[in-house]
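I opened this entry to keep track of what I looked up, one item at a time. The notes follow the order in which I checked things.

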Amino acid sequence: MENSHSAHPQDKLLQYEKHLRLRQRELERELASTVEQARTSNSNDTQDVADQAVAGYQKELLFSQGSVRNAQLRLVQQALTRLGEGTFGECIRCSQTIGAKRIEALPWTPYCLDCQERIEKGDVEPTASVA
């Protein structure tokens, strides 16, 4: 098995780390904003049923956005951990090197394209640390 550091030169790894840290900060800010919006939308001054329905929909939307951002933040943090451990760019399921184009597009991805497709089809389960 090839060491991921040899598959990704050091300068490229530093570039990925910089991108991941930037994305981490963006997600943390977006999550804080989502939480604040949810708090301010908790006002009970809605008068009619239509207003209550809209408020309910907005809360659901905020919860959904928060869940998606939280999941991506976890992936970004795990990618940063893999960078530190020297396993960045290696599929956590099959240990194969993740393709360069995939890493460029989604540096937080834990899976090679083959494993990701198999997970999405339901052929295999995601690795417990990512689920």
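I started with Gln72 and listed its contacts beyond four places in sequence: Arg23, Leu27 and Trp108. Gln72 sits in helix H3, which covers residues 49-85. I then looked up its relative accessible area, which is 16%, so Gln72 is buried. I note here that the model is a predicted one.

Next I went to the overall fold. I counted five helices and zero strands in the chain. Read along the sequence, the pattern is α-α-α-α-α. The chain has 131 residues, and 31% of them are buried. For the accessible surface I noted about 8500 Å², with 52% of it belonging to carbon and sulfur atoms. I also looked at contacts with a separation of 6 or more: residues 24 or more positions apart account for 63% of them.

Then I turned to the core. Which residues have the most contacts inside the largest nonpolar core? I found Leu20, Val76, Leu83, Phe88 and Cys91, in a core of 20 residues. H2, H3 and helix H5 (113-121) each supply at least two residues of this core. As general background, nonpolar side chains in soluble globular proteins tend to be buried together.

I followed Leu20 further. Leaving aside neighbours within four places in sequence, I listed its contacts as Val76, Ala79, Leu80, Leu83, Phe88, Pro107 and Trp108. Trp108 had already come up in my list for Gln72.

How many aromatic pairs does the structure hold? I found one. The pair is formed by Tyr16 and Phe88, with 5.3 Å centre to centre and 45° between the planes, and it is classed as tilted. Tyr16 lies in helix H2 (residues 10-40) and Phe88 in the loop between H3 and helix H4 (100-105), so the pair ties together parts that are 72 residues apart in sequence. Tyr16 has a relative accessible area of 5% and is buried. Phe88 is at 1% relative accessibility and also counts as buried.

I looked at Gly84 next, which is found in helix H3. Is Gly84 buried or exposed? At 69% relative accessibility, Gly84 counts as exposed. I also took the C-alpha separation between Gly84 and Glu17, which is 9.5 Å, although the two are 67 residues apart along the chain.

Last, I checked the cysteines. Cys112 counts as buried, at 9% relative accessibility. Cys115 is at 2% relative accessibility and counts as buried.

Key: Residues numbered from 1 in each chain as written. Predicted model: local features only at pLDDT ≥ 70, side-chain atom pairs only at ≥ 80, totals over all residues. Heavy atoms only, no water. Buried < 20%, exposed > 50% of the residue type's maximum accessible area, 1.4 Å probe, protein only. Helix = DSSP H or I, 4+ residues; strand = E, 2+ residues; numbered from the N terminus. Contact = heavy atoms within 4.5 Å. Areas by Shrake-Rupley, 256 points an atom, 1.4 Å probe, with all protein chains shown as cover. Phe/Tyr/Trp six-rings, centres within 6.5 Å; stacked < 30°, edge-to-face > 60°. Core = buried A, V, L, I, M, F, W, Y, C linked by side-chain atoms within 4.5 Å.
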